[in-house]
Amino acid sequence: MLHTTFRKAKDAKVCIASYYKMAKALGGVQKYGKDTPIPLDKVVEICGPTDAIWSLRCTNETSENFLIEFACRCAERVLHFYEELYHNDERPRQAIEKARICIIDKSVAARSAAESAAWSAASAARAAARAARSAAREAR
């Protein structure tokens with residue numbers, strides 16, 4: 001389980017409204033404690049999943065592997081939209097696979113391969129966005 005604290009959240013310049021909402025729900029920063037761990041599932045419960053994402057930037061534990069897996073799962077949820085239009089373009093899927101390898105393989109080579117695949121996938125996404133924009137203009 002990942003945790004944050006009020007101090008870490010404040011230092012990370014999180015959304016002030018969410019910070020105050022969390023403080024109120026936990027009985028106040030002073031009473032709860034600036035450095036008392038707050039489980040991220042409690043952040044989700046009180047502030048909601050969207051606001052809880054900021055907590056991933058300021059966890060007590062190393063959250064890099066969690067962030068990589070979270071990003072991969074988010075990408076996978078929408079990958080089918082891209083693949084329906086670009087059947088033969090494997091770059092986004094390859095980027096997800098390379099990113100997941102980084103969870104296990106901490107080598108510079110694995111990170112470099114993942115970064116390269118991500119840049120390639122981003123290039124593909126930009127090209128798809130330009131094509132969609134052109135199609136929308138022509139449809140007017």
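The model is a predicted one, in which local features need pLDDT of at least 70 and side-chain atom pairs count only at pLDDT 80 or more, while totals for chains, interfaces and linings use all residues. Residues are numbered from 1 along each chain as its sequence is written, and side-chain values use heavy atoms, with hydrogens and water left out.

To stay with Ser63, this residue sits in the loop between H5 and H6. Helices are DSSP runs of H or I with at least four residues, strands are runs of E with at least two, and both are numbered from the N terminus. What does Ser63 touch, not counting residues up to four places away in sequence? The partners are Leu2 and Leu56, contact being heavy atoms within 4.5 Å. A polar atom of the Ser63 side chain also lies 3.2 Å from the backbone oxygen of Leu56.

I turn now to the chain as a whole. The protein chain contains eight helices and two strands, in the sequence pattern β-α-α-α-β-α-α-α-α-α. Its radius of gyration is 19 Å, well over the 14 Å that the globule rule gives for 140 residues, so the chain is more spread out than a compact globule. That radius is taken over C-alpha atoms, and the rule is 2.2 Å times the number of residues to the power 0.38. The C-alpha trace spans about 55 × 45 × 20 Å along its principal axes. Of the 140 residues, 33% count as buried. Among contacts between residues at least 6 apart in sequence, 63% join residues at least 24 apart.

Next, the open spaces. On a 1 Å grid over the protein atoms alone, a cavity is a set of points where a 1.4 Å probe fits but cannot get out; a pocket is an open set with protein on both sides within 12 Å along at least five of seven lines, and lining residues have an atom within 4 Å of a point. Grid points are joined across faces, edges and corners, and a volume is the space filled by probe spheres set on the points.

The largest pocket has a volume of about 360 Å³. Its lining comprises 21 residues, with Ala95, Ile96, Ala99, Ala114 and Ala118 nearest the centre. Two or more lining residues come from each of helix H6 (64–85), helix H7 (91–104) and helix H8 (108–139). Which element gives the largest share of this lining? That is H6, with nine residues. By class, the lining has 18 nonpolar, no polar and three charged residues. Here Ala, Val, Leu, Ile, Met, Phe, Trp, Tyr, Cys and Pro count as nonpolar, Asp, Glu, Lys and Arg as charged, and the others, Gly among them, as polar.

The second largest pocket holds about 210 Å³. The class count is 10 nonpolar, one polar and one charged.

Finally, the structure holds one cavity of 30 Å³ or more. The largest cavity has a volume of about 30 Å³ and is lined by residues including Tyr19, Met22 and Trp54. Helix H1 (6–11) and helix H2 (16–25) each supply at least two residues of that lining, which divides into six nonpolar, two polar and no charged.

Notes: A polar contact is a pair of N or O atoms within 3.5 Å; within protein, one must be able to donate a hydrogen and the other to accept it, and residues adjacent in sequence count only if both atoms are side-chain atoms. Buried means under 20% relative accessible area, exposed over 50%, partly exposed in between (1.4 Å probe, protein chains only).
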